[in-house]
Amino acid sequence: QVQLVESGGGLVQAGGSLKLACAVSGRIASNYDIGWFSQAPGKEREFVAAINWDGGSTNYADSVKGRFTISRDNAKNTVYLQMNSLKPEDTAVYYCAGRWGFERWGTPASLRTMYNYWGQGTQVTVSS
């Protein structure tokens, strides 16, 4: 079991950047695939990006390809989401989520139902 805590959200103007962090703690935290999901008011939670347990494979939603970059530092048990060229439509609460991934290879999952553990979320607001 792991615990996840997001940080780094805030208010930014369109075209700006933010870097979110997801601190992962618990038993063998580095063996978990981590995903980022966003939820805007009145909308369902949707996939943003994911990275597998060893950082060797990533997956992105089409809407963020070329703008967002997911990475991880397993020495610090932290996963990052670098968000550039932000748009007002990126405004949402951003959640990180974890699922056991040790020695599972290939593209990390994009379905939120595949993830067992969730953080409390961090608000990102992009003004126009």
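## Basis

This is a predicted model: local features need pLDDT of at least 70, side-chain atom pairs count only at pLDDT 80 or more, and totals for chains, interfaces and linings use all residues. Residues are numbered from 1 along each chain as its sequence is written, and side-chain values use heavy atoms, leaving out hydrogens and water.

## Aromatic pairs

The whole structure holds eight aromatic pairs. Rings of Phe, Tyr and Trp (its six-membered ring) pair if their centres lie within 6.5 Å; planes under 30 degrees apart are stacked, over 60 edge-to-face, the rest tilted.

Phe-37 and Trp-118 have ring centres 5.0 Å apart and planes at 55°, so this pair is tilted. Phe-37 sits in strand E4 (residues 32-39) and Trp-118 in strand E10 (residues 117-118), 81 residues apart. Strands are DSSP runs of at least two residues, numbered from the N terminus. Phe-37 is buried, at 1% relative accessible area.

## A second pair and a cluster

Trp-53 and Trp-105 are also tilted, with 5.3 Å between centres and 55° between planes. Trp-53 lies in the loop between strands E5 (46-51) and E6 (58-60), and Trp-105 in the loop between E9 (92-100) and E10, so the pair ties together parts 52 residues apart in sequence. Trp-53 is buried at 12%. Trp-105 is exposed at 57%.

Ring pairs join Trp-53 and Trp-105 with Tyr-32, Trp-100, Phe-102 and Tyr-117 in a cluster.

Definitions and conventions: Helix = DSSP H or I, 4+ residues; strand = E, 2+ residues; numbered from the N terminus. Buried < 20%, exposed > 50% of the residue type's maximum accessible area, 1.4 Å probe, protein only.
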